[in-house]
Amino acid sequence: MFHRSALGLFAVATMLTVTAGGAQAQDKKYPNWKGEWDAVVPRMPGQQLRFDPTKPYGRRQEAPLTEEYKKVYQENLEEQARGGQGLFLDHASCLPAGMPTMMSIGRFEYIITPETTYVATGSDLRRIFTDSRPWPTDLEPTYQGFSMGNWIDEDSSGTYDVLEVETRGPFKGPRVYDSTGIPLHFDNESTFKERIFLDKRDPNILHDVITVFDHALTQPWTVDKTYRRGAKKFPNWSTISCLEGSNYVKIANEFYLLSWDGYLMPLKKGQPPPDTRYFPKVQK
C-alpha cells in the first residue's frame, strides 16, 4: 500500500505533468484573425461567383478538365442556354454549396480554439480539427467534407502564422466551382489542401491558397483566394436564409419556377408540367 505522503507526492507529480503539458500547448500564440472577412472578388463582366477570383467566370476560368468532363460541362452550358440552371441548380435552389464553392464569395468569421478552428460562412459552418485526431473511417457524406488542420510558426516568431488544412470526403454532390456549372467529379472523392495566412504586408488581408485534387481534373488546380477584414469593431453578423428569396420549386426530379402572382411556371423551354395524378380533375 502507498504511504499517505507517497500518495501526496504522486498527486503533485501528476498535477505538474498536466500543467507542463498545458504550458507546452500555450508556448505558441494563435494569430489575430478576429473580425469580419469579405471575399475579395475583382469586378469583371458576368457572375461574381468564381473559383479563381483573378479570372473571368465560366470557360475563362481555364479549369484543367479531362475530356470527359469538358463534355459534361458543355452539356450543362447547353441546358443553361435553354433556360435551365444546369449543374448549378442544386445550389441555386438553396442546397449548400459545399467545398470549394463555399469559400468563394460572401462574408466569413474565423473562431480559433486550440482544438478546432471554425469558419462561419453565412449559413454554413466548417470545422477544422487541429487536435491531432486520426482520420475517421465512418463518415457520412456532407457538402463541406471533413477537415483536419495543423498550425505552423513558419517565421519562428512564437506566433502561429499558417494554418495548413486537408479536407476529404465523402461529399454530397453534384458540386461545382461557379454558377456556370464547372463540375467536380461525380464520384465525390475530391481532396482539398489549403494554406491560410495573413498577408505579410497587410494584416487586414487573409489568403486561402486552395489546391483541388479531383478525378475530373487533368492536374491539381490551385488558386489564391483573398479576404479583406472589415473596419467594424462590432460586426452585426446578420443571418440570411437562401430559401427566403428562392422561387424554385422541386417536384419529383424536375424544378419549376413560382411566378410573382403565385403560379407554377416552366424553368426551361419544352419542360412538361408536373404529374397531377393525385389531384381530382377540375370539372369545366
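On a 1 Å grid over the protein atoms alone, a cavity is a set of points where a 1.4 Å probe fits but cannot get out, and a pocket is an open set with protein on both sides within 12 Å along at least five of seven lines; lining residues have an atom within 4 Å of a point. Grid points are joined across faces, edges and corners, and a volume is the space filled by probe spheres set on the points. By this rule the model holds one cavity of 30 Å³ or more, and the tour will get there.

**Before you click**

This is a predicted model, in which local features need pLDDT of at least 70, side-chain atom pairs count only at pLDDT 80 or more, and totals for chains, interfaces and linings use all residues. Residues are numbered from 1 along each chain as its sequence is written, and side-chain values use heavy atoms, with hydrogens and water left out.

**Stop 1: colour by confidence**

Colour the chain by pLDDT, the predictor's confidence in each residue, from 0 to 100. The chain average is 86, and 89% of the residues score at least 70. Now select residues 1-25: here the pLDDT is below 50, and beyond near neighbours in sequence the stretch has one contact in the model (contact means heavy atoms within 4.5 Å).

**Stop 2**

Turn on the cartoon. Helices (H or I, at least four residues) and strands (E, at least two) are DSSP runs, numbered from the N terminus. Two strands pair if DSSP finds at least two bridges between them. Strands of a sheet pair through backbone hydrogen bonds, either parallel or antiparallel.

Start with strand E2 (107-112) and strand E3 (116-121). Four bridges join E2 to E3 in the antiparallel sense, and the two strands make a hairpin with three residues between them.

The hairpin of E3 and E4 has two residues between the strands, and Gly122 in the turn has a positive phi of about 75°.

Is E3 enclosed or open to the outside? Five of its six residues are buried, so E3 is largely enclosed by the rest of the structure; buried means under 20% relative accessible area, exposed over 50%, partly exposed in between (1.4 Å probe, protein chains only).

Move on to strand E5 (residues 146-152), which pairs with E4 in the parallel sense over two bridges. Phe129 stands opposite Met148 in E5.

**Stop 3: the largest pocket**

Show the surface around Gly106, Thr121, Gly122, Ser123 and Ile240, the closest to the pocket's centre of its 26 lining residues. The largest pocket has about 990 Å³ of space. E2 gives the most to this lining, with three residues.

The lining divides into 12 nonpolar, nine polar and five charged residues. Ala, Val, Leu, Ile, Met, Phe, Trp, Tyr, Cys and Pro count as nonpolar, Asp, Glu, Lys and Arg as charged, and the others, Gly among them, as polar.

**Stop 4: the largest cavity**

Next, select Leu87, Phe88, Asp90, His91, Pro96, Ala97, Thr101, Tyr143, Pro174, Arg175 and Val176, which line the largest cavity. About 80 Å³ of space lies inside this cavity. By class, its lining has seven nonpolar, two polar and two charged residues.

**Stop 5**

Most residues other than glycine have a negative phi, and most peptide bonds are trans. Here are some exceptions to look at.

Asn188 is buried, at 15% relative accessibility.

Then jump to Glu62, in the loop between strand E1 (37-39) and helix H2 (67-81). Glu62 has a positive phi of about 55° too, but is exposed, with a relative accessible area of 54%.

**Stop 6: E10 to E12**

Finish at the open sheet of three strands in the order E10-E11-E12, paired antiparallel. Strand E10 (248-251) and strand E12 (264-265) stand at the edges, each with a single partner strand, so one side of each has no neighbour in the sheet. Four bridges pair E10 with strand E11 (residues 254-258), and Ile251 stands opposite Glu254 in E11.
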